[in-house]
Amino acid sequence: MKTLLNIIWLVLSGFWLFLVYLLAGVLLCVTIIGIPFGVAAFRIGVYALWPFGYTTVERREAGAPSCVGNVLWLVLAGWWLALAHITTGIALCLTIIGIPFGIANFKLIPVSLLPLGREIVRTDEPFGARAA
């Protein structure tokens, strides 16, 4: 079921959101200071490309640097990416078939606003990354 949902997601909005994250990542990687933010954009872009079956968990050990980085991210790219998710989510919710995908878009907004200090893991093992 997850595969079917991911394929429909890919056609309806996943590919376009991936391209938006790819563009944001390339723009952020132009400077040396922006490279960590560009890497985060690429990581979230892959998650936005194939989201069903994955979730995000907070990394408690991330600390203050991720907080400062999230503030910079919010100013530089986060609100633009969140706006893309809001727009795509509203457009998908206009049809009955698109409602689950619109809700999935709305669930991607928090990670697009504040991605640092989060980790993308499979839904069947949300605590597996911490044990390793």
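At what angle do α1 and α2 pack, and how far apart are their axes? In this predicted model, in which local features need pLDDT of at least 70, side-chain atom pairs count only at pLDDT 80 or more, and totals for chains, interfaces and linings use all residues, the two helices pack at an angle of about 175 degrees with their axes 8 Å apart. Residues are numbered from 1 along each chain as its sequence is written, and side-chain values use heavy atoms, with hydrogens and water left out. Helices are DSSP runs (H or I, at least four residues) numbered from the N terminus, while axes are lines fitted to C-alpha atoms, for helices over the stretch in contact, with angles running from 0 to 180 degrees between N-to-C directions.

Helices α1 and α2 are therefore roughly antiparallel to each other, a term applied to angles over 145 degrees, whereas 65 to 115 degrees counts as roughly perpendicular. Contact, defined as heavy atoms within 4.5 Å, joins Trp9, Leu10, Gly14, Phe15, Leu17, Phe18, Tyr21, Leu22, Ala24, Gly25, Val26 and Leu28 in α1 to Ile35, Phe37, Gly38, Ala41, Phe42, Ile44, Gly45, Val46, Ala48 and Leu49 in α2. The residues of this contact divide into 18 nonpolar, 4 polar and no charged, where Ala, Val, Leu, Ile, Met, Phe, Trp, Tyr, Cys and Pro count as nonpolar, Asp, Glu, Lys and Arg as charged, and the others, Gly among them, as polar.

Two residues of this contact were examined individually. Tyr21, which lies in helix α1, is buried with a relative accessible area of 1%, buried meaning under 20% (1.4 Å probe, protein chains only). Apart from residues up to four places away in sequence, Tyr21 touches Ala41, Phe42, Ile44, Gly45, Ala48, Leu81, His85 and Ser112. Gly45, found in helix α2, likewise counts as buried, at 2% relative accessibility, and, with neighbours within four places in sequence set aside, Gly45 is in contact with Phe18 and Tyr21.

The axes of α2 and α3 come within 11 Å and cross at roughly 75 degrees, which makes α2 roughly perpendicular to α3. Phe37, Ala40, Ala41 and Ile44 of α2 make this contact with Gly69, Leu72 and Trp73 of α3, and by class it has 6 nonpolar, 1 polar and no charged residues.

Helix α3 (residues 64–92) packs against helix α4 (residues 99–107) at an angle of about 165 degrees, with their axes 7 Å apart, which makes α3 roughly antiparallel to α4. On the α3 side, His85, Ile86, Thr88, Gly89, Ile90 and Leu92 meet Ile99, Phe101, Gly102, Asn105 and Phe106 in α4; this contact has 6 nonpolar, 5 polar and no charged residues.

Technical notes: Parallel < 35°, antiparallel > 145°, perpendicular 65-115°, else oblique. Buried < 20%, exposed > 50% of the residue type's maximum accessible area, 1.4 Å probe, protein only.
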